[in-house]
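Morning, everyone. I have one structure to walk you through. Take a look at the screen.

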Amino acid sequence: MITQIWLKLLKSFQNKKVIVFARTKASSDRLAKSLIKADFRVDAIHGNKSQNQRQRALENFKRGSNPILIATDIASRGIDVPDITTVVNFDVPEVPENYVHRVGRTARAGAKGKPKKRSTQHMYS
């Protein structure tokens, strides 16, 4: 179950494009399901999704119909959406270099962005 702190954090980004990085495919799916139950518009993207599912999730994110994208590191190098305002690291990446790629999804082409690090232990009750 997601904590109120986590929900409050995401509500503060209302109407902005946010990528939340999770370490595993399973945790990204769990997180997405929990947020959907809490009435957030969310998609998850990771390696176990079909190409069509990944493309649909990315298109929904780009259009803003699902402004929160839960992703594993599969997305940390390949997403180029110009108006991502915030990257939240739900889990710290296994490979330290991936942190740079995750944070690089925001502040693209001279835009301003905000990386956030949150510890999983504080997000689940």
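Predicted model: local features only at pLDDT ≥ 70, side-chain atom pairs only at ≥ 80, totals over all residues.

Every value I quote is computed from it.

The overall layout. The protein has five helices and five strands. Reading from the N terminus, the order is α-β-α-β-α-β-β-α-β-α. There are 125 residues, and 43% of them are buried. The accessible surface is about 7100 Å². Carbon and sulfur atoms account for 50% of that surface.

Now contacts along the sequence. Take the contacts between residues at least 6 apart in sequence. Of those, 71% join residues at least 24 apart.

Next, strand β1, residues 17–21. How many of its five residues are buried? Five of the five, so β1 is largely enclosed by the rest of the structure. Check the two faces. On one side sit K17, I19 and F21, all buried.

Which strands does β1 pair with? One is β4, residues 84–89. That pairing is parallel, over five bridges. Another is β3, residues 68–71. That pairing is parallel too, with four bridges. Find I19 on your screen. It stands opposite V87 in β4. I19 also stands opposite L69 in β3.

Now a loop residue, T72. It lies between β3 and β4. Is T72 buried or exposed? Its relative accessible area is 7%, so T72 is buried. And what does T72 touch, leaving out residues up to four places away in sequence? The list includes F21, A22, R23, T24 and K25. S28 is on the list as well, along with I45, H46 and G47.

Last, the two backbone angles. N15 is not a glycine, yet its phi is positive, about 65 degrees. N15 is in the loop between α1 and β1. With a relative accessible area of 67%, N15 is exposed.

The other is D39. Its phi is near 70 degrees, again positive in a residue other than glycine. D39 lies in the loop between α2, residues 25–37, and β2, residues 42–45. D39 is exposed, at 71% relative accessible area.

To recap: β1 is largely enclosed, T72 is buried in its loop, and N15 and D39 are exposed.

Technical notes: Residues numbered from 1 in each chain as written. Heavy atoms only, no water. Buried < 20%, exposed > 50% of the residue type's maximum accessible area, 1.4 Å probe, protein only. Pairing = 2+ DSSP bridges. Contact = heavy atoms within 4.5 Å. Areas by Shrake-Rupley, 256 points an atom, 1.4 Å probe, with all protein chains shown as cover.
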